[in-house]
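Subject: Structure for your files

Hello,

Here is the structure I said I would pass on. My notes follow below it.

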Amino acid sequence: MARIYATVTCRHRWWLKYYLAGVVLMCHLSGRDPHPGRVMRWIERGIVIEVR
């Protein structure tokens with residue numbers, strides 16, 4: 001039986017931490033919760049997964 005090896009690398013784009021910090025700041029300032037679907041969409045765009 002043949003073995004297959006893979007390396008999975010997860011990283012975030014440079015802007016994701018600033019986006020999330022902005023979301024947290026606006027939540028504290030406005031007292032409202034963010035739209036979960038919209039935040040999740042930007043998180044999915046900001047995380048990069050590479051399989052080698």
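**Strand β2 and V48**

V48 is part of strand β2, which spans residues 47–51; strands here are DSSP runs of E of at least two residues, helices are runs of H or I of at least four residues, and both are numbered from the N terminus. The model is predicted, so local features need pLDDT of at least 70 and side-chain atom pairs count only at pLDDT 80 or more, while totals for chains, interfaces and linings use all residues. Residues are numbered from 1 along each chain as its sequence is written, and side-chain values use heavy atoms, with hydrogens and water left out.

With a relative accessibility of 13%, V48 is buried (buried means under 20% relative accessible area, exposed over 50%, partly exposed in between, with a 1.4 Å probe and protein chains only). Leaving aside neighbours within four places in sequence, V48 contacts T9, C10, R11 and R13, where contact means heavy atoms within 4.5 Å. R11 is 37 residues from V48 along the chain, yet their C-alpha atoms are separated by 5.3 Å.

**Cysteines**

C10, one of the contacts of V48, is exposed at 56% relative accessibility. C27 is partly exposed at 23%. The structure has 0 disulfides, a disulfide being a pair of cysteine sulfur atoms within 2.5 Å.

Helix α1 (residues 16–30) contains Y19, which is partly exposed at 24% relative accessibility. Not counting residues up to four places away in sequence, Y19 touches R38, V39 and W42. Y19 and R3 are 16 residues apart in sequence, and their C-alpha atoms are 41 Å apart in space.

Helix α1 packs against helix α2 (residues 36–46) at an angle of about 165°, with the axes 10 Å apart. Axes are lines fitted to C-alpha atoms over the stretch in contact, and angles run from 0 to 180 degrees between N-to-C directions. The two helices are therefore roughly antiparallel (angles over 145 degrees; under 35 is roughly parallel, 65 to 115 roughly perpendicular and the rest oblique). L16, Y19, L20 and V23 of α1 meet R38, V39, W42, I43 and G46 of α2.

Regards
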